[in-house]
Amino acid sequence: MNWRHRFLPVLACALSTALAAAQSLPPLAAPRAGYSFPAKQTLSYSVDWRVFPAGIASFHMESDGNMQRISVTGDTVGAVNLLFRVSDRFQSSFNRTTGCSESFSKQLIEGRRQINGDLRFDYAHGKAVSNEKNLVSGINRQQEAAIPSCVSDSLSAIFYAASQPMAVGQSFQFPLGDAKKTIPVTMKVEGHEEIKTPAGTFQTLRVEPTADAGVVKNRGNIWIWYTDDDRHMPVQMRARLFWGTITFRLTAIDQK
């Protein structure tokens, strides 16, 4: 298995491949009235590739004034760790009131590859500014891309989406920004489904992120199962692409 195709970069790549004109971008709607992001919460997941245990991941959220901070760790385990070690870290933050992302960063260790990068959304100047350094080669890369007045990022989007109304058969859109472009993402609420995980059995809403072109349309699918309640907590996530399927299953919930 090539663990470089882990879920978050797969999600980012899939959602960011589609091209879209800036004037066609949907606005990013504020979180629905009465919704509250967790003051502190850690969601732990097992990660399977096809039917094989491949890794573990942890998503920690914590409120910080008007901002919601998210930290993610992802590490290979078992035989996969011996074949191709991965130890990745991601951080992002967004405004709890508006949903607008503030920043996204990554620290990647994937075999011999080591990359550090950060992405900052400068709304005052209408641009996303990214810096990335290859710690092995020492090469630095900087990029800028135009953004509208409010966007989400590929990590915050998972939890921003939870703040939106969800009903089977309906969908909602939002702009997702990265270092190269901003694209419109549609979250399709496909149906109800009972999901059994190591953390328990949940009644869920199965949601599929889609775009008009690119990886999502032509090469695979991504689904997120949110609890069918006010929390909309992601209890399972799956990326199915041409080389195989990665599934995240919730193993533990910690409110401390």
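**Exercise 1. How many disulfides does the count come to?**

Some ground rules come before the solution. The model is predicted, so local features need pLDDT of at least 70 and side-chain atom pairs count only at pLDDT 80 or more, while totals for chains, interfaces and linings use all residues. Residues are numbered from 1 along each chain as its sequence is written, and side-chain values use heavy atoms, with hydrogens and water left out.

Step 1. Apply the rule: a disulfide is a pair of cysteine sulfur atoms within 2.5 Å.
Step 2. Check C100 and C150: their sulfur atoms are 1.9 Å apart, and they form a disulfide.
Step 3. State the count: 1 disulfide.

**Exercise 2. Which parts does the pair C100 and C150 tie together?**

Step 1. Find C100 in the loop between β4 (86-95) and β5 (101-110).
Step 2. Find C150 in the loop between β8 (140-146) and α3 (156-160). Helices (H or I, at least four residues) and strands (E, at least two) are DSSP runs, numbered from the N terminus.
Step 3. Conclude: the pair therefore ties together parts that are 50 residues apart in sequence.

**Exercise 3. Is C150 buried or exposed?**

Step 1. Recall the cut-offs: buried is under 20% relative accessible area, exposed over 50%, and partly exposed in between (1.4 Å probe, protein chains only).
Step 2. Read the value: C150 has 10%, so C150 is buried.
Step 3. Do likewise for C100: at 14%, C100 is buried.

**Exercise 4. In which sense do β9 and β10 pair?**

Step 1. Locate strands β9 (residues 171-177) and β10 (residues 182-197).
Step 2. Apply the pairing rule: DSSP must find at least two bridges between the strands.
Step 3. L176 stands opposite I183 in β10.
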